[in-house]
Amino acid sequence: MSERAFAVVGLFDSPDALLRAVAPIRAASLGRVEAYTPYPVHGLATSLGLKRSPVGGMVLVMALLGAATALGFQWWVAAVDYPITTGGKAFFSWEAFVPVMFEVMVAFATFTAGLAMLLLLNRLPFFGHPMLGSSVMAAVTRDRLALAIEKDGDVELDATNARAALEAAGAQSIEVVALPAPSQPASARTLGWMLGGIAAACLTSGFLTYWVVKLFPVLPPMVHMLQQPRINPQSQNGFFADGRTQRLPVAGTVARGYLPYAVANADEADRLVNPLPRSAEVLARGRRAYSTFCSVCHGPLATGVGTLSSAYGAKPANLQSQTFRDYSDGHIYDVIMRGKNAMPSYAEDLSEDERWAVIHYLRALQRAQNAKQEDLR
Amino acid sequence: MTRWTQMATVVGALGVAAALAFVEPQRFWANWLVWFLFVLTIGLGALFLVALEHLVAAQWSVPVRRCAERVSSLILPVVPIALIALLSLPTLFHKWTGAEAAHHPVVASKAVWLNVPFFAARLLLCLAAWLAGYRVLVSGSRRQDATSDPRFNVRARRFAPAFMALFAISITIVAFDWISSLDPEWYSDIFGVYVFAGTFLAGLSATALAVASLKQRGRLPEVNEHHLYNLGGLLFAFTVFWSYIGFAQYLLIWYADLPEEVVWYKLRIQGDWGAVALLLALIHFLVPFFALITGDAKSGLGRLRRVAALMLFAHLLDLYWLVFPSLGHGVLASWPELAFALMFVGGGLLWLGRAFGRGPDMPIGDPFLAQALEFRR
């Protein structure tokens, strides 16, 4: 035999004949013994001495890992990093996490099973198994069963003896599959072109996506958070009979954190003291509440010129006037709580802290409009 | 062994009589209901298994089908047990049979379905359907032992789909009538499927337990590990199915958090019943899942027997957990419960002992038997 052999293959025409041949061929130990059959043959795995597949164990471990990963991820997102109350449930609501845990577990398990089988056990990828080119395969895909003695590692296959052994074991026809020429390893140049091409493709598609989204904002990829069916304060709303978006509490109820106003009159309110410190945080909060609820009438500078001023019958107060600058904090608080003239009470819209924060912010607005020389230093 | 069982049954019966005299009637009838459902679900589950095998023309299962057929004979003693259970309607089901039902808007609206004459009629129709199924599938199979007439297989295969439909309707009726109507305000669409999962699991466990016990006594020598593997595989699959359905029902009710729905779970997962629920999750899902997860475990005789016995106990616990919290007490487990257990387990074993003592252990007249004994997975 001049050329080197990859395998010597014997063909059999019944599973029983194949099974009978396995033991003597394995005993001869001429190489790796492998069988190729068009359908599963009971008992073949045992007689070939195939070891129990480790895939099951890997899948179990990875499935548990997947479930643990999903649980940990959801716990971190929902209870640690970005806790939002949903439906009054606890942040760590394991019940809600179970479906995702299940899916991730299945994903880990299936990918493990598939990849472990293909990469670890079937030693993929390789380009073309030597057996595929042989005429044996054509017979096997029809109705024949093949038993092959294959080259085991670096040891040369003794084709003559293998042929004799298969003949003795009852093979009907025997073929020698030649060892394919060793494939050339890819050159550094080819590898460079390949990696460069992949990198270029990634960069091009990334930049294209970025610029398309940037230049054509009519095609935003995800707008669910931006455009949501939401109703804003001060807006009209046909859902309710009175057309108001801002709801008053149901008669006879007290909302949590909105205690009834216990101060009898404005004189008593004069004695109230703003409990909040004048910190940047409080002013930011006051500014947010002021812009939402106050500025539509009193205007962004508290001058009484807001967006509603022209359309609105009554004239909103100019809070920069001396009268209002002389009001005590408690007095302003009292007006927020009770309302004044055409202004309704904002007791239900602003929380205790927001009211005092708005007053701090109003003081800042007043001082900014009436700045003295020493304020500039 | 039989003497001990007889003695236990007699002692249990005396205890049950004492319970009727001394224990509050609600508790007595709750016990009766649990055991009625336990015996029913085992027998009916086994009958479903038999019908399923005919439906799909399963061949592997022919050698173990006789065991399922014998277990399904529990349908016969269920008839008097069920008729006696009708006496529980005024006490145990007083929420819709009592006078107060008319004043409860939700319960009153269900009066079309939940009224005593229709309830009793439904029970009788269900019993008739099960007895018809038993007669065609089981008695016919027993007759085939003598005649070896293959026409039985054809008839059973034609009958099985009709029985499946009847079974699906009747098991849902059992779930809604006998369990869910204990709390008539509560509703859950999937509850019938949950009870079905438990029913099939009960029938399957009893069958597997019977096969394993017979084999350990040296009977059924032809049944090999491949048949056991399939039984174990079904058991494994349906523990997961039960858990999936049970959790799906819980998840939706937990998520929606509607008062009339959550109260059912509130009774069952808080306080002492919470411990029972945890135990249920443990022995109805986690333990059998990991006990049966490997291939060897599914075909191991001892392992299969132990898991099947555990599953029967878990199913009993499931029924106990479904029925007893409706009484509004904590966990009740004392001499009345023990007496009921002795009487029904003892009586059931005596009945099955008789059933397993008559005739051949396999359907020897089935034309597929020889082929089925050759089954390899």
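This is a predicted model: local features need pLDDT of at least 70, side-chain atom pairs count only at pLDDT 80 or more; totals for chains, interfaces and linings use all residues.
Let's start with chain A.

Where chain A meets chain B, five residues of chain A and six residues of chain B take part. On the chain B side of that contact, four residues are nonpolar, two are charged and no polar ones turn up.

## H11 and H12 in chain A

Two packed helices are described by the angle between their axes and the distance between the axes. In chain A, take helix H11 (residues 329-338) and helix H12 (residues 352-369): their axes come within 10 Å and cross at roughly 125 degrees. That angle makes H11(A) oblique to H12(A), and the crossing is right-handed.

Who does the touching? From H11(A) it's Asp329(A), Ile332(A), Tyr333(A) and Ile336(A), and from H12(A) it's Arg355(A), Ile359(A) and Leu362(A). Sorted by class, the contact of H11(A) with H12(A) comes out as five nonpolar, two charged and no polar residues.

## Around those helices

The loop between H11 and H12 of chain A holds Asn341(A). Asn341(A) isn't a glycine, yet its phi is positive, at about 50 degrees. Is Asn341(A) buried or exposed? It has 9 other C-beta atoms within 10 Å, so Asn341(A) is exposed.

Over in H12 of chain A you'll find Gln369(A). Setting aside neighbours within four places in sequence, Gln369(A) is in contact with Leu301(A) and Gln320(A). Gln369(A) is also 9.4 Å from Thr303(A), C-alpha to C-alpha, with the pair 66 residues apart in sequence.

Glu268(A) belongs to helix H8 (residues 266-269) of chain A. With 12 other C-beta atoms within 10 Å, Glu268(A) is exposed, since that class takes in 12 or fewer. In sequence, Glu268(A) and Gly330(A) are 62 residues apart, but their C-alpha atoms are 8.4 Å apart in space.

## H2 and H3 in chain B

Now for chain B. Helix H2 (residues 25-55) of chain B packs with helix H3 (residues 62-72) of chain B at an angle of about 145 degrees, and the axes are 7 Å apart. The crossing of H2(B) and H3(B) is left-handed.

On the H2(B) side, the contact uses Ile42(B), Gly43(B), Ala46(B), Leu47(B), Leu49(B), Val50(B) and Glu53(B). They meet Arg65(B), Ala68(B), Glu69(B), Val71(B) and Ser72(B) of H3(B). By class, the contact of H2(B) with H3(B) has seven nonpolar, three charged and two polar residues.

## H13 and H15 in chain B

Further along chain B, the axes of helix H13 (residues 272-291) and helix H15 (residues 301-323) come within 10 Å and cross at roughly 155 degrees. H13(B) and H15(B) are therefore roughly antiparallel to each other, and H13(B) passes H15(B) in a left-handed crossing.

Among the H13(B) residues in this contact are Trp273(B), Leu280(B), His284(B) and Pro288(B). H15(B) contributes residues including Arg303(B), Met311(B), Asp318(B) and Trp321(B). Which classes make up the contact of H13(B) with H15(B)? It divides into 15 nonpolar, one polar and two charged residues.

Asp257(B) is in the loop between helix H11 (225-256) and helix H12 (259-269) of chain B. Here, too, is a residue that is not a glycine but has a positive phi, of about 60 degrees for Asp257(B). With 11 other C-beta atoms within 10 Å, Asp257(B) is exposed.

Leu342(B) lies in helix H16 (residues 335-357) of chain B. It has 21 C-beta neighbours inside 10 Å, so Leu342(B) counts as buried; the cut-off is 20 or more. Not counting residues up to four places away in sequence, Leu342(B) touches Ala8(B), Thr9(B), Val11(B), Gly12(B) and Gly15(B). Val10(B) is 332 residues from Leu342(B) along the chain, and 8.4 Å separates their C-alpha atoms.

Definitions and conventions:
Residues are numbered from 1 along each chain as its sequence is written. Chains are lettered from A and ligands numbered from 1 in the order in which they are written. Two residues are in contact if their C-beta atoms, placed from the backbone, lie within 7 Å. Ala, Val, Leu, Ile, Met, Phe, Trp, Tyr, Cys and Pro count as nonpolar, Asp, Glu, Lys and Arg as charged, and the others, Gly among them, as polar. Axes are lines fitted to C-alpha atoms, for helices over the stretch in contact, and angles run from 0 to 180 degrees between N-to-C directions. Helices (H or I, at least four residues) and strands (E, at least two) are DSSP runs, numbered from the N terminus. Angles under 35 degrees count as roughly parallel, over 145 as roughly antiparallel, 65 to 115 as roughly perpendicular and the rest as oblique. A crossing is left-handed if the near helix is turned anticlockwise from the far one by less than a right angle, and right-handed if clockwise.
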